[in-house]
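Opening the notebook on this one.

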Amino acid sequence: TLSAGALNALRPAVAFTNYTDVVTYTLPTTRIGALEITQLTTSITPQTATSKVLVQFNISCEVAIQCGFILERVIGAAVQELGIPTTAGSRINGIKTIPYDDNNGRTQSIVPISFVDSPTSTASVSYRVRVYGSATNVFYLNRTLTDSDDTNHSRATSQVILQEILP
């Protein structure tokens, strides 16, 4: 707001994505080849270079193998991984992982990712998640593997919330 030509307060920027459709991906087996879940990539433009951004992903999915999720910040052509484990070695790793699911198709995993970032920019900032697995397999977003329409199977949606935290 402005009062007598002086800036009194900024209103924090907020961005929200609610993805309700279903999609499948064939997962790569290498971290470097991890696939972007493009439907969840969301952007925000911070108002100050000292603002922080609260990044929250809620990913509903099923996959029959162990998977790693990689959170990335993208500003222009610059990509930065966030929340990287130290000395991850060749393990399945990322900001979150989900274990092997041996129920073969009836229940989704819910993968919550929360991170407070300091992008130090007033340019548009995109946050995205990439995923890869311990073996070649199919990743099901917002559905189960078999996706039968009965009470033994589930469907849920995925959301992204980006909220600026002003200095």
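I started with Glu-62 and found that its bridge partner in strand 13 is Tyr-140. Strand here means a DSSP run of E with at least two residues, numbered from the N terminus. Glu-62 belongs to strand 7 (residues 52-62), which pairs with strand 13 in the antiparallel sense over two bridges. I count two strands as paired if DSSP finds at least two bridges between them.

Note on the source: this is a predicted model, where local features need pLDDT of at least 70, side-chain atom pairs count only at pLDDT 80 or more, and totals for chains, interfaces and linings use all residues. Residues are numbered from 1 along each chain as its sequence is written, and side-chain values use heavy atoms, with hydrogens and water left out.

Strand 4 (residues 23-26) and strand 13 (residues 138-141) run antiparallel, paired over four bridges.

Next, phi. Most residues other than glycine have a negative phi. I noted Asn-142, not a glycine, with a positive phi of about 65°. I placed Asn-142 in the loop between strand 13 and strand 14 (158-165). Is Asn-142 buried or exposed? Buried, at a relative accessible area of 0% (buried is under 20%, exposed over 50%, partly exposed in between, with a 1.4 Å probe and protein chains only).

I also logged Thr-87, again not a glycine, with a positive phi of about 45°. Thr-87 sits in the loop between strand 9 (78-82) and strand 10 (96-98). Thr-87 is exposed, with a relative accessible area of 73%.
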